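Please read it with the sequence and the coordinates open beside it.

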Amino acid sequence: MNPLEIIEKYYEKGGDAYHILVDHSVSVTELALKMAKNRMDLNPDLTFISEAAMLHDIGIFKTSASVLHCFGENPYICHGYLGADILRAEGYPLHALVCERHTGAGLSLAHIIKENLPLPHREMLPLSIEEQVVCFADKFFSKTHLGEEYSVEKARTKLLKFGDETIARFDAWCEMFL
């Protein structure tokens, strides 16, 4: 599988949204692989991590996020499950789970319902080691400040809006991957 070939089916190569998506995804991929290589005792699939990290945000073009040059109709929080739908249609159901489960530090069904989020009512928590490391690495990079890696403190602060459950997951990943 070549992630860029899939991305280029949905994004104009060289366009602003393409540039933002690919630059961000490369940063996430590099950090996720570095973290996974430090935990080879967990038997992470490095090829899968590389592919999934490059594709985790493929759904952003379907959202209304003008700062990212994305002019879709959906709220930005929907990009994960929308990207998952794309990857399922492309024949990559396991990669789709990474898309669906990376928002915040994953979203529980209880949180989705409690916050009345415009998301399907199902668990969206990263389960596999590969899902977890991609989700965790993603917390250290923004799509609006490309190439800038957040400190642990800044990444944690940006997750506070998702609640205590999310912070607990992030803190556990700090123990696991850092």
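The structure holds zero disulfides, a disulfide being a pair of cysteine sulfur atoms within 2.5 Å. This is a predicted model, in which local features need pLDDT of at least 70 and side-chain atom pairs count only at pLDDT 80 or more, whereas totals for chains, interfaces and linings use all residues. Residues are numbered from 1 along each chain as its sequence is written, and side-chain values use heavy atoms, with hydrogens and water left out.

**Cysteines**

- A disulfide is a covalent bond between the sulfur atoms of two cysteines.
- Cys 70 counts as buried at 2% relative accessibility, where buried means under 20% relative accessible area, exposed means over 50%, and partly exposed lies in between (1.4 Å probe, protein chains only).
- Cys 135 is likewise in no disulfide, the nearest cysteine sulfur, that of Cys 99, being 12 Å away; Cys 135 is buried, with a relative accessible area of 1%.

**Nonpolar cores**

- The largest nonpolar core has 37 residues, and those with the most contacts inside it are Met 35, Leu 119, Val 134, Phe 136 and Phe 140; a nonpolar core is a set of buried Ala, Val, Leu, Ile, Met, Phe, Trp, Tyr and Cys residues joined through side-chain atoms within 4.5 Å.
- Two or more residues of this core come from each of helix H2 (16–37), helix H3 (46–55), helix H4 (79–89), helix H7 (129–138), helix H8 (152–159) and helix H9 (164–177), where helices (H or I, at least four residues) and strands (E, at least two) are DSSP runs numbered from the N terminus.
- Not counting residues up to four places away in sequence, Phe 140 touches Leu 31, Met 35, Glu 148, Glu 149, Tyr 150, Ser 151, Val 152, Ala 155 and Phe 170, a contact meaning heavy atoms within 4.5 Å.
- A second, separate core of 20 residues includes Tyr 11, Leu 68, Ala 84 and Leu 87.
- In soluble globular proteins, nonpolar side chains tend to be buried together.

**Helix H7 and its packing**

- The axes of H7 and H9 come within 11 Å and cross at roughly 105°; axes are lines fitted to C-alpha atoms, for helices over the stretch in contact, and angles run from 0 to 180 degrees between N-to-C directions.
- That angle makes H7 roughly perpendicular to H9, on a scale where under 35 degrees is roughly parallel, over 145 roughly antiparallel, 65 to 115 roughly perpendicular and the rest oblique.
- Ile 129, Gln 132, Val 133, Cys 135 and Phe 136 of H7 make this contact with Phe 170, Trp 173, Cys 174, Met 176 and Phe 177 of H9.
- The residues of the contact of H7 with H9 divide into nine nonpolar, one polar and no charged, with Ala, Val, Leu, Ile, Met, Phe, Trp, Tyr, Cys and Pro counted as nonpolar, Asp, Glu, Lys and Arg as charged, and the others, Gly among them, as polar.

**Helix H4**

- H4 is also mostly covered, since eight of its 11 residues are buried, among them His 79, Tyr 81 and Leu 87.
- The cover over the buried residues of H4 includes helix H1 (3–10), H3 and H5.
- Gly 91, whose phi is positive, near 95°, follows H4.

**Loop residues**

- Leu 68 lies in the loop between strand E1 (64–65) and strand E2 (70–71) and counts as buried at 5% relative accessibility.
- Leaving out residues up to four places away in sequence, Leu 68 touches Ala 17, Ile 20, Tyr 76, Lys 143 and Thr 144.
- Phe 61, in the loop between H3 and E1, counts as partly exposed at 25% relative accessibility.
- Asn 43, in the loop between H2 and H3, has a positive phi near 55° and is exposed, with a relative accessible area of 62%.
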